[in-house]
Amino acid sequence: MFLDRVKITIKAGNGGNGSTSFLRNAQTMKGGPDGGEGGNGGNVVFKATKNLNTLYNFRFKKKFVAEDGLNGSQKLKTGACGKDVVISVPCGTVLIDPQTNKIIADLHEDEMTFIALRGGQGGHGNAYYKSSIKQAPSYSQTGELTKQREVILELKTIADVGLVGFPNVGKSTLLSCISNANPKIANYPFTTLYPNLGVCEVKGQTFVVADIPGLIEGASEGQGLGHYFLKHVERVRLILHLIDVSESEGRDFIEDYYKINDELAKYSPLLAEIPQIVVFSKADLIDEQELNSRKVKFEEKTGHTPLVISGATMKGVDELKLKTIEKLSTLPQKEPLSVEEYDFDKKPENNIEISRESDGTFVVSGGKIDNFIRGVVLSDTLSFAYFQNRLQEMGVINMLKEKGLKNGDTVKIKDIVFEYVE
């Protein structure tokens with residue numbers, strides 16, 4: 001089964017907690033603090049590979065979680081960092097943030113990697129807080145907790161050449177003739193249900209060809225199957241535009257040319273600018289005189305000279321391969337998608353938000369509070385004093401007063417609930 005768009009859930013590992021420990025051995029009964037640091041959580045990493053050509057692996061497994069960092073321990077031992085979770089995707093996979101619809105990354109090269117989410121930082125052990133004033137801190141810092149996120153994976157097939165045209169014009173037959181691909185071929189519309197890739201070799205040079213499922217009029221607006229696959233044409237450098245010159249499906253061959261180009265332009269103006277080689281297929285189904293007459297008529301109407309082929313007799317196939325490789329040699333490689341500076345994993349480290357619950361309780365939250373509260377232990381006198389001083393220094397008390405805080409009101413910061421007393 002071919003799958004080219006899927007939404008998955010990812011989560012980086014939490015940071016390990018710092019340790020609260022004091023040196024104890026036969027020689028030292030009351031040593032100083034020796035609690036170690038917690039380990040950092042694992043990252044979520046995407047890696048492109050040429051060994052995949054579909055997102056089918058994500059049909060059933062849609063949640064990926066990196067390992068948490070381990071807690072610190074005594075004797076200044078740092079906890080082990082959590083292992084990264086590495087998610088393999090096909091080359092050409094684009095990562096999209098479903099909340100903003102912005103492109104996060106374009107994994108267009110083999111072995112290319114992207115860190116989507118970074119693991120939480122490990123907490124400090126109590127040895128970190130030792131100073132001339134606090135010689136025996138009995139508190140440590142908890143590890144940073146991470147949040148799970150959703151991300152859309154969208155595959156845009158990477159190929160040099162794209163075969164486009166109405167259904168049943170011979171694209172799959174041509175692909176089987178010029179490459180190592182073995183697509184399913186039958187004499188009815190929509191035989192091809194997903195893009196097929198093949199490698200074509202000409203005089204020692206190779207290029208990748210993608211058979212894009214048949215377009216129909218209105219495809220750019222969601223008609224038929226082709227609109228699902230127009231995105232796969234975006235990366236190609238050259239289009240082979242196949243037209244059934246025999247009109248075996250009852251359509252006019254010149255109208256077919258204009259209708260397909262119109263759908264490409266409607267989907268994206270960039271598609272309309274991709275160079276094309278027009279190919280008359282199924283030439284064996286009409287006599288030579290009628291074929292020449294239609295070729296002249298097409299040139300007069302469109303200004304383009306088509307190449308004539310037949311998949312059944314192999315007429316013109318070698319000429320088309322040579323023409324294709326010659327044209328590709330003059331065309332630059334496709335640039336990766338433009339990705340603006342956008343930090344998908346940005347953590348709100350400096351914000352402070354104040355809200356009120358229905359019972360009037362003031363709730364203080366935000367990234368700055370999340371980091372600050374990790375090192376607070378209310379049962380420790382020094383830690384609680386530090387907590388009170390930092391609320392003043394950060395301006396939290398003043399912000400609460402601006403929101404209407406009065407003597408005796410209840411304030412909640414994470415799991416800490418206290419009554420404000422002036």
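This is a predicted model: local features need pLDDT of at least 70, side-chain atom pairs count only at pLDDT 80 or more; totals for chains, interfaces and linings use all residues.
Student: Why is Lys-295 called partly exposed?

Tutor: Lys-295 has a relative accessible area of 26%, and the scale calls a residue buried under 20%, exposed over 50% and partly exposed in between, with a 1.4 Å probe and protein chains only. Residues are numbered from 1 along each chain as its sequence is written, and side-chain values use heavy atoms, with hydrogens and water left out.

Student: Where does Lys-295 lie, and which residues is Lys-295 in contact with?

Tutor: Lys-295 belongs to helix H4, where helices (H or I, at least four residues) and strands (E, at least two) are DSSP runs numbered from the N terminus. Leaving aside neighbours within four places in sequence, Lys-295 is in contact (heavy atoms within 4.5 Å) with Phe-280, Thr-305, Pro-306 and Val-308. For one of these, Thr-305, the C-alpha atoms are 7.6 Å apart in space, although ten residues separate Thr-305 from Lys-295 in sequence.

Student: How do you know that the length of H4 agrees with what a helix should span?

Tutor: The expected span is 1.5 Å times one less than the number of residues. For the 15 residues of H4 (residues 288–302) this gives 21 Å, and the end C-alpha atoms are 21 Å apart, so the two agree.

Student: Which residues of H4 are buried, and what puts them on the same side of the helix?

Tutor: They are Leu-291, Arg-294, Phe-298 and Thr-302. These residues cover an arc of only 65 degrees around the axis, which puts them on the same side of H4; the arc is taken from the directions that run from the helix axis to the C-beta atoms. On the other side of H4, Gln-289 and Glu-300 are exposed. The cover over the buried residues includes E12, H2, E13 and strand E14 (307–308).

Student: What makes Thr-324 buried?

Tutor: The relative accessible area of Thr-324 is 1%, which is under the 20% limit, so Thr-324 counts as buried. Thr-324 lies in helix H5, and beyond its neighbours within four places in sequence, Thr-324 is in contact with Val-161, Phe-207, Leu-238, Leu-240 and Ile-277.

Student: Why are the buried residues of H5 said to line one face of the helix?

Tutor: The buried residues of H5 are Val-317, Leu-320, Lys-321, Thr-324, Ile-325 and Leu-328. Seen down the axis, these residues fall within an arc of 130 degrees, so they line one face of H5.

Student: Which residues touch the most other members of the largest nonpolar core?

Tutor: A nonpolar core is a set of buried Ala, Val, Leu, Ile, Met, Phe, Trp, Tyr and Cys residues joined through side-chain atoms within 4.5 Å. The largest one has 34 residues, of which Leu-174, Phe-207, Val-209, Leu-240 and Leu-320 touch the most other members. Among the elements that each supply at least two residues of this core are helix H1 (171–178), strand E11 (205–211) and helix H5 (317–328). A second, separate core has 25 residues, including Ala-12, Leu-55, Ile-87 and Val-151.

Student: Is Thr-146 buried or exposed, and what makes its link to Lys-11 a polar contact?

Tutor: Thr-146 is buried, with a relative accessible area of 14%, and is found in the loop between strand E7 (113–117) and strand E8 (149–155). A polar contact is a pair of N or O atoms within 3.5 Å; within protein, one must be able to donate a hydrogen and the other to accept it, and residues adjacent in sequence count only if both atoms are side-chain atoms. The side chains of Thr-146 and Lys-11 are joined at 2.9 Å, which is within that limit, so the name polar contact applies.
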